[in-house]
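Okay, thanks everyone, let's get going.

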Amino acid sequence: MPAPEMSVQSMQGSDRPSRVTALFSSPGQASARSSSILTRSSSRSSIASYSDQTQASFESMRPPVVLGICAMDIKARSKAMREILTRIVERARGAIQVKVFGDKVILDEDVENWPRCDVLISFFSTDFPLDKAISYVKLRNPFCINDLPPQALLWDRRLVGAILDHLQVPTPKRLEVSRDGGPRVDEELRRHIKNKIGVELGSFRVTPEVSLREDGDAIIIDGKVLEKPFVEKPVSGEDHNVYIYFRGGGGRRLFRKVGNKSSDSDPNLNHPRTDGSYIYEEFIEVDNAEDIKVYTVGTDYFHAETRKSPVVDGVHERLPRFITHLNEKEKSYAAKICQAFGQNVCGFDMLRCQSGKKSQVIDVNGWSFVKGNESYYDRAAEILASLCMHVSASPDRSLPPGGTAPQDSFTWRLKANVTVFRHADRTPKQKLKFNFPIGDPWTQPFVKLLNGEREEIILREREQLNLVARAVEEAKALGASGDDLAKLTQLNNALFSKIDLPGTKAQLKPIYSKRQAGQARRLMKLTLVFKWGGEVFTHSARYQSRDLGETMKKDLSIMNKDALQNVKIYTSSERRVIASAEIFAAALVEHPSACYSAPSSPSPSSRSSHEENSSISSSYSKNGIHSPPALIIRKDLLDDSNAAKDLMDDVKKRLKILLRPGEPEKRPELTWPKSMKKEPVEVVKEVIELLGSFRTIMRKNFEMMDVDKIQERWCCGDEPWLFRERWEKLFEDFCDVEQRKFDPSRVSELYDTIKYCALHHRQFLFSIFDENAGHGRDPNQTQDRKLHELYGRAKALFDLVAPQEYGIDPDEKEEIGVLTSLPLLKKIVEDLEAARNNGGSSLTLYFTKESHIHTLMNLVLHSGLPIANRRIPELDYCSHITFVLCRVTLSSR
């Protein structure tokens with residue numbers, strides 16, 4: 001077998017040689033491969049049971065039936081899928097074994113190397129190779145819950161409409177404009193549908209004549225008239241840019257949900273599009289302004305929910321959704337759709353009108369699951385488990401096509417999971433930075449604070465911070481003057497107001513001369529960084545950490561539960577990181593503290609960076625309850641170091657090039673959204689203008705309003721004056737400097753603050769930035785647009801700037817990555833090699849901060865390994881990189 005290879009799922013490859021490539025090469029040892037996955041956390045859930053009447057007899061008679069999950073990880077490991085698979089596994093008592101293929105196998109391996117299974121759940125989503133999956137089904141002949149070839153029909157709304165018409169499922173009146181010659185259907189699929197339901201698909205269509213009637217209130221297609229209001233849909237089922245044209249002019253643009261918006265009103269939307277093929281449907285006035293989402297599991301079980309139509313105001317509301325019962329006609333439509341499209345698990349959209357007397361289907365979505373409904377999860381798991389058992393009981397399921405003898409095939413089994421996590425949500429960071437000239441007498445009180453230490457020291461306790469305040473007074477007495485005195489006064493004021501706030505600390509960073517033979521190292525520079533915020537663990541962080549632990553437990557219970565018996569958890573010494581690890585660890589073993597306890601984060605100053613004496617807690621079992629795994633502090637791997645400081649300082653000086661006008665050719669690989677048609681420098685200007693207007697509004701409202709009554713509860717000890725101080729600092733950094741001197745690193749602080757306030761202080765945020773406050777208008781309406789504009793621009797700038805802080809060009813990214821995260825990467829490789837060479841399975845977890853996630857990711861991206869896709873999302877709270885080692889063996893079934 002080849003040596004282990006690693007790639008990052010959903011990333012694109014590079015052939016550039018790298019100094020870290022050697023880490024991924026080993027002597028040709030045994031039978032294992034590994035991949036790494038960049039993924040995100042999911043949500044908490046619980047497990048409910050279903051009937052398992054025939055399990056005992058089934059187990060004794062047959063080997064386990066293998067249920068294969070061949071779908072992209074973002075779907076295969078979604079909360080709804082995990083809920084159902086977990087129920088199947090835990091209630092099957094060994095009768096059903098689940099194999100999740102994973103992106104690495106699906107994208108990189110030949111179908112001959114895919115796991116064999118008896119029953120297959122496979123469905124299309126973005127980047128999924130449907131043709132490859134169809135080849136696998138032809139090769140292995142599993143029973144498919146959802147037929148694969150007919151899924152291609154869902155890509156074209158014209159084909160869906162033709163099948164619904166043939167089934168006599170009512171749909172809105174429609175006209176089609178095909179400028180592409182009509183839908184194209186694979187010949188084999190055409191014959192299959194013809195034989196199955198008797199409809200002929202895919203005939204050539206001539207481009208029709210299209211015009212708008214003189215009064216503008218109707219579209220005429222080859223002489224057929226459709227009055228406004230009508231709906232214009234692209235023929236592609238993957239294109240969600242649907243327009244509605246209203247009588248008298250204007251319309252609404254629908255789109256895939258962005259934030260909480262799914263449509264926008266447009267008073268100038270009058271003329272239909274002419275740049276492609278479209279379907280024009282009669283606009284239906286629905287009952288209660290609601291759409292109906294119908295979910296099927298087989299032809300006998302249907303779940304339907306009402307939701308507010310996106311046409312109403314464009315605001316997407318996940319909740320409330322209300323379960324609605326289908327009448328007999330609607331049930332028959334659901335069964336017909338299931339059977340005709342060959343999709344047992346299926347979703348479609350339906351409209352009810354005329355007080356429920358008439359129903360019409362407007363879209364078929366293919367594979368869909370209900371979200372957050374426990375009874376649905378129970379029923380779906382019961383039906384799918386029953387299908388699996390029925391298939392396994394069939395005497396010919398184990399034979400390949402043609403009845404030949406079983407062939408040898410590859411079996412993939414999880415051997416090790418090594419994951420590096422970013423910590424969970426925290427309050428925004430704020431800081432003041434001071435550089436002290438060592439030669440001046442007034443700086444000596446700060447030098448004394450080092451107490452002989454040659455490495456960075458952190459002062460957290462009130463008594464320690466009082467020493468800094470005392471040093472400020474001594475420095476003033478020793479003659480500090482001018483700008484130095486002003487800085488000391490600023491530091492003193494910050495100490496006085498922030499000393500009791502959670503997360504307040506002072507960092508002293510000495511820089512000494514290089515070692516030379518026969519000469520003592522001299523202190524060359526002393527930097528004091530005073531920080532507050534950032535360390536405080538929010539209530540949402542507790543949920544994030546707990547949900548992440550529960551998610552991983554459910555994943556591993558499906559993939560290989562033995563890994564949960566061999567767990568190691570490493571963490572940095574920072575409190576927010578330790579807190580994330582503690583709650584995660586408790587959730588991983590379902591310890592009660594995961595549900596209600598605040599994290600206990602002992603002072604890291606007393607902890608060693610060595611494994612043998614740095615465990616925070618120990619694992620044992622008491623009264624049947626397993627304690628969480630021990631946390632191991634590893635400062636050397638997971639804490640910040642100054643090794644790359646000089647290089648990163650140089651990078652930050654050059655970051656301004658990203659925001660200069662007229663130089664897009666210098667950032668060909670950098671992230672800049674296509675929808676943002678302006679240059680970054682123009683967006684910065686717009687952000688400054690928006691912040692300037694918000695500053696005026698906020699100051700006026702702080703004078704005119706009783707701010708203490710706007711919001712009753714505040715997160716993490718915040719108060720109105722802290723909110724104002726945070727934003728005033730942003731206004732100062734953006735609005736009070738010349739744009740050519742603008743510091744791009746401030747973009748991260750702006751984006752961080754907007755997210756935090758929108759999540760934790762939304763009511764205060766919208767009220768204090770409401771220019772019509774006190775005039776009886778809803779602040780969420782009046783300032784919604786401007787705040788969303790600010791967020792959208794800050795997000796675009798953040799995605800452009802933040803990843804470049806760890807290197808602009810590839811060599812810099814690799815150099816900074818080597819200096820920051822190479823020890824961690826070496827440890828990860830050691831973990832994988834150890835797992836490959838021993839007999840058991842393992843789970844190894846590392847908790848750290850954003851800088852280590854970015855730099856580790858850069859090392860992987862620039863390692864020279866084959867990488868499928870470079871689309872890296874924002875590495876937000878709880879982002880994680882997972883390296884998975886799988887044992888590949890030959891087996892006969």
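Predicted model: local features only at pLDDT ≥ 70, side-chain atom pairs only at ≥ 80, totals over all residues.

Residues are numbered from 1 along each chain as its sequence is written, and side-chain values use heavy atoms, with hydrogens and water left out.

Back to that pair. Three bridges join E22 (residues 457–459) to E23 (residues 505–512), and the two strands run antiparallel. For naming, helices (H or I, at least four residues) and strands (E, at least two) are DSSP runs, numbered from the N terminus. Two strands pair if DSSP finds at least two bridges between them.

What is the order of the strands in this open sheet? There are four, and they go E21-E24-E23-E22 with antiparallel pairing. E21 (430–436) and E22 are the edge strands, each pairing on one side only. On average, neighbouring strands here are turned by 20° against each other, direction ignored. Helix H11 (residues 462–477) packs on this sheet and touches E22, E23 and E24 (523–532); contact means heavy atoms within 4.5 Å. The direction of H11 makes about 100° with that of E22. For all of these, axes are lines fitted to C-alpha atoms, for helices over the stretch in contact, and angles run from 0 to 180 degrees between N-to-C directions.

E16 pairs with E15 (residues 290–297) in the antiparallel sense over eight bridges, and Asp 291 has Arg 307 as its bridge partner in E16. E15 and E16 make a hairpin with three residues between them, and Gly 298 in the turn has a positive phi of about 80°. E16 is also joined to E17 (residues 322–323) by two bridges, again antiparallel, with Thr 306 opposite Phe 322.

E14 (residues 278–282) is another mostly covered one, with four of its five residues buried. Four bridges join it to E6 (residues 174–177), and five join E10 (residues 230–234) to E14; both pairings run antiparallel. Look at Tyr 278 in E14: it is the bridge partner of Val 177 and also of Pro 234.

Last stop, a helix pair. H13 (residues 539–559) and H14 (residues 575–588) pack at an angle of about 40°, with their axes 7 Å apart. That makes H13 oblique to H14, because angles under 35 degrees count as roughly parallel, over 145 as roughly antiparallel, 65 to 115 as roughly perpendicular and the rest as oblique. Residues making the contact include Arg 542, Leu 548 and Met 552 of H13, and Ile 583 and Phe 584 of H14. The contact residues divide into six nonpolar, three polar and four charged. Here Ala, Val, Leu, Ile, Met, Phe, Trp, Tyr, Cys and Pro count as nonpolar, Asp, Glu, Lys and Arg as charged, and the others, Gly among them, as polar.

That's my tour, thanks.

Notes. Buried < 20%, exposed > 50% of the residue type's maximum accessible area, 1.4 Å probe, protein only.
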